[in-house]
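Let's take a walk through this chain, from its overall layout down to a few individual residues. Here is the structure to keep beside you as you read.

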Amino acid sequence: MGNEAIDDVDRAILYALQEDARNTSSGDIAERTGTSDSTVRKRIGRLESDGVIKGYSASVDYQRSGYPLRMLLYCTASIPERGERIPEILDIDGVVSVQELVTGEENLLVTVVGESDNDITPVAQELLDMGVTVADEVLVRTHETTPFGRFDAGRDDGGDDRSGDGN
């Protein structure tokens, strides 16, 4: 990030955008943060240019869109090459994400979606062809996300209690 540290207003902006970037206006965020609309727009611009906000994307339900299989492939690549392999892996048809892992023998987590096993198997073969070993495969039933709670200025800092009742 640039020279400016992330403050409570930035965190509130990040939380609101994670919650619903498409339907949340800078005016809505300004109201929540007690700042002006122009302040929020400038802050969003800074967060974007500093690389804190990397982009905006749709959260797709692959199952409802005709691709019912979501498979996690735990892979091993040589340590000097694992980071370099990520763009190449992302270019494989069916791969929707790659995470670089820093602990354990498996050091890449590749997420693949498809209609059937016939869509997943070629991905594993392409990984092998580039020198990446698939150590384990895990079929995912559901995948849900939530905004990072520490960006929510209205949340008390008491931990992971999401119910709000303190229990």
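Just after α3 comes glycine 51, with a positive phi of about 85°.

## Where this picture comes from

This is a predicted model, in which local features need pLDDT of at least 70 and side-chain atom pairs count only at pLDDT 80 or more, while totals for chains, interfaces and linings use all residues. Residues are numbered from 1 along each chain as its sequence is written, and side-chain values use heavy atoms, with hydrogens and water left out.

## The chain as a whole

The chain has five helices and four strands, and along the sequence they follow the pattern α-α-α-β-α-β-β-α-β. Helices (H or I, at least four residues) and strands (E, at least two) are DSSP runs, numbered from the N terminus.

Of the 167 residues in the chain, 31% are buried. Take the contacts between residues at least 6 apart in sequence: 64% of them join residues at least 24 apart.

## The neighbour, α2

Helix α2 has its own buried residues: Ser26, Ile29, Ala30 and Thr33. They cover an arc of only 105° around the axis, which puts them on the same side of α2. These buried residues pack against α1 and α3. After α2 comes glycine 34, and its phi is positive, near 70°.

## The largest pocket

How big is the largest pocket, and what lines it? Its volume is about 1500 Å³. Of the 37 residues that line it, Ser57, Ala58, Ser59, His143 and Thr145 are the closest to its centre. On a 1 Å grid over the protein atoms alone, a pocket is an open set of points where a 1.4 Å probe fits, with protein on both sides within 12 Å along at least five of seven lines; lining residues have an atom within 4 Å of a point. Grid points are joined across faces, edges and corners, and the volume is the space filled by probe spheres set on the points.

Helix α1 gives the largest share of the lining, five residues. At least two lining residues each come from α1, β1 (69-76), β2 (95-100) and β3 (108-114).

## A buried arginine

Arginine 82 sits in helix α4 (residues 82-90) and, at 14% relative accessibility, counts as buried. Leaving out residues up to four places away in sequence, arginine 82 touches Ala77, Glu100, Leu101, Val102, Asn107 and Leu108.

Conventions:
Buried means under 20% relative accessible area, exposed over 50%, partly exposed in between (1.4 Å probe, protein chains only). The arc is that of the directions from the helix axis to the C-beta atoms. Contact means heavy atoms within 4.5 Å.
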